[in-house]
Amino acid sequence: MIATEGDHQPGRAAVVVYSLDTCDAFRAEGLPVVGHCHGGASRSGLVLRAWLMRTNDWDEPRATDHLQGLWPALGLWNESFTEFLRTEWAR
């Protein structure tokens with residue numbers, strides 16, 4: 001997944017679903033889950049916010065606020081990730 005602002009990412013939803021399904025499968029087996037991308041802020045933040053939204057039935061602002069309180073390194077510079085969570089990911 002490319003973290004550059006404005007890049008078209010046709011498979012973004014599929015990548016997020018795959019990432020979350022994998023995390024949930026490990027958790028269901030009682031295994032720890034550790035995820036990290038190159039910078040550990042923007043793409044990791046996308047996946048973590050999507051997981052919070054799916055797991056808790058939260059909207060994007062609530063997931064973002066919650067994660068910011070736990071993880072100061074959260075990178076929100078890529079507005080296309082937030083837009084994805086608000087439009088495509090929101091249920």
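These are my notebook entries on what I looked up in this structure, a predicted model.

**Entry 1: the overall layout**

I started with the elements of the chain. I found four helices and zero strands. Read from the N terminus on, the order is α-α-α-α. Next I checked burial: of the 91 residues in the chain, 34% are buried.

**Entry 2: the salt bridges**

How many salt bridges does the structure hold? I looked them up and got four.

I took Asp-21 and Arg-54 to begin with. Their side chains meet in a salt bridge, at 2.9 Å from N to O. Asp-21 belongs to helix 1 and Arg-54 to helix 2, so this pair ties together parts that lie 33 residues apart in sequence. I also noted a network of salt bridges here, linking Asp-21, Asp-24 and Arg-54.

Are Asp-21 and Arg-54 buried or partly exposed? Asp-21 has 40% relative accessibility, so I put it down as partly exposed. Arg-54 comes out at 24%, and it counts as partly exposed too.

**Entry 3: Glu-60 and its partners**

Then I moved on to Glu-60. Which side chain meets that of Arg-49 in a salt bridge? It is the side chain of Glu-60, at 3.4 Å from N to O. This pair links distant parts of the chain, with Arg-49 in helix 2 and Glu-60 in helix 3, 11 residues apart.

Glu-60 also forms a salt bridge with Arg-86, and there the closest N and O atoms are 2.5 Å apart. Again the pair links distant parts of the chain: Glu-60 sits in helix 3 and Arg-86 in helix 4 (residues 79-89), 26 residues apart.

Arg-49 has a relative accessible area of 1%, so it is buried. Glu-60 is at 4% relative accessibility, so it counts as buried. Arg-86 is at 48%, so I wrote it down as partly exposed.

**Entry 4: the largest pocket**

How much space lies in the largest pocket? I noted about 550 Å³. Its lining has 20 residues, and those nearest the centre are Cys-23, Val-34, Gly-35, Val-47 and Leu-48.

Where does the lining come from? Helix 1 gives the largest share, with seven residues. Helix 1 and helix 2 each supply at least two residues of the lining. I sorted the lining by class too and got 13 nonpolar, five polar and two charged residues.

**Entry 5: Thr-64**

Thr-64 lies in helix 3 (residues 60-70). Is Thr-64 buried or exposed? Its relative accessible area is 6%, so I marked it as buried.

**Entry 6: a patch on the surface**

With a relative accessible area of 39%, Leu-31 is partly exposed.

**Entry 7: Asp-57**

My last stop was Asp-57, which I found in the loop between helix 2 and helix 3. Why did I list Asp-57 as exposed? Because its relative accessible area is 65%, and the cut-off for exposed is over 50%.

The backbone of Asp-57 got a note of its own. Asp-57 has a positive phi of about 55°, although it is not a glycine. I also looked up how far Asp-57 is from Ala-90. Along the chain they are 33 residues apart, and their C-alpha atoms are separated by 9.1 Å.

How values were computed
Residues are numbered from 1 along each chain as its sequence is written. This is a predicted model: local features need pLDDT of at least 70, side-chain atom pairs count only at pLDDT 80 or more; totals for chains, interfaces and linings use all residues. Side-chain values use heavy atoms; hydrogens and water are left out. Buried means under 20% relative accessible area, exposed over 50%, partly exposed in between (1.4 Å probe, protein chains only). On a 1 Å grid over the protein atoms alone, a cavity is a set of points where a 1.4 Å probe fits but cannot get out, and a pocket is an open set with protein on both sides within 12 Å along at least five of seven lines; lining residues have an atom within 4 Å of a point. Grid points are joined across faces, edges and corners, and a volume is the space filled by probe spheres set on the points. Ala, Val, Leu, Ile, Met, Phe, Trp, Tyr, Cys and Pro count as nonpolar, Asp, Glu, Lys and Arg as charged, and the others, Gly among them, as polar.
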